[in-house]
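Subject: Structure handover and notes

Hello,

Please find the structure below. My notes come after it.

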Amino acid sequence: MSVKLVMLKSGEDIIADIQEIKSKEDVIGYYFHHPLIVKLRQPEEPVLLKEEGSTKKLTSKFDVTFFPWIPLTSEGKIPCSADWVITIVEPIKNLKKLYQEKLDGKRESDQSPVIS
């Protein structure tokens, strides 16, 4: 499984198992297997960890919510043109774990899990 985080021209961040669609040697698109939109929300103000002199170190946590990318389809494998993809990156370990839990049905609700 090659789970990646994809930013589309539409501004959506999608997490999915990605597979390239090739024409001879060129990548012309991607198949997104079980794609979900990833939404982040910062629920609270950043927390001051420590202050040394004039340097402040802040940390924050984010709530993550998943939404179906195309909710009215019954297909689990959706093609996307390469022209619509801005970038594809490796998601952080916690996000990948939450995505897998969502697919496995371990996380039934769309409660916002926290990633720090």
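The model is predicted, so local features need pLDDT of at least 70 and side-chain atom pairs count only at pLDDT 80 or more, while totals for chains, interfaces and linings use all residues. Residues are numbered from 1 along each chain as its sequence is written, and side-chain values use heavy atoms, with hydrogens and water left out.

Backbone angles

K24 is not a glycine, yet has a positive phi of about 60 degrees. K24 sits in the loop that joins strand 2 (13-23) to strand 3 (26-41). Strands here are DSSP runs of E with at least two residues, helices are runs of H or I with at least four, and both are numbered from the N terminus. With a relative accessibility of 83%, K24 counts as exposed. The classes are: buried, under 20% relative accessible area; exposed, over 50%; partly exposed, in between (1.4 Å probe, protein chains only).

H34 also has a positive phi, near 55 degrees, and is a residue other than glycine. H34 belongs to strand 3. Its relative accessible area is 45%, so H34 is partly exposed.

Salt bridges

A salt bridge is taken as a side-chain nitrogen of Lys or Arg within 4 Å of a carboxyl oxygen of Asp or Glu. The count by this rule is five.

D63 and R41 form one of them, with the closest N and O atoms 2.7 Å apart. This pair links distant parts of the chain: D63 is in strand 6 (residues 62-68) and R41 is in strand 3, 22 residues apart. D63 has a relative accessible area of 8% and is therefore buried, whereas R41, at 49%, is partly exposed.

K96 and E90 form another salt bridge, where the closest N and O atoms are 2.6 Å apart. K96 is partly exposed, at a relative accessible area of 30%. E90 is partly exposed as well, at 44% relative accessibility. Both residues belong to a network of salt bridges that links K4, E90 and K96.

K97 and E101 also meet through their side chains in a salt bridge, at 3.8 Å from N to O. Both residues lie in helix 1 (residues 93-104), where they are four residues apart, about one turn of the helix. K97 is exposed, with a relative accessible area of 51%, and E101 is buried, at 18% relative accessibility.

Surroundings of Q19

Q19 is part of strand 2 and counts as partly exposed, at 37% relative accessibility. Which residues does Q19 touch, not counting those up to four places away in sequence? They are G29, Y30, Y31, H33 and K77, where contact means heavy atoms within 4.5 Å. From C-alpha to C-alpha, Q19 and G29 are 8.7 Å apart in space, and they are 10 residues apart in sequence.

With H33, the side chain of Q19 makes a polar contact, side chain to side chain, at 3.0 Å. A polar contact is a pair of N or O atoms within 3.5 Å; within protein, one must be able to donate a hydrogen and the other to accept it, and residues adjacent in sequence count only if both atoms are side-chain atoms.

Regards
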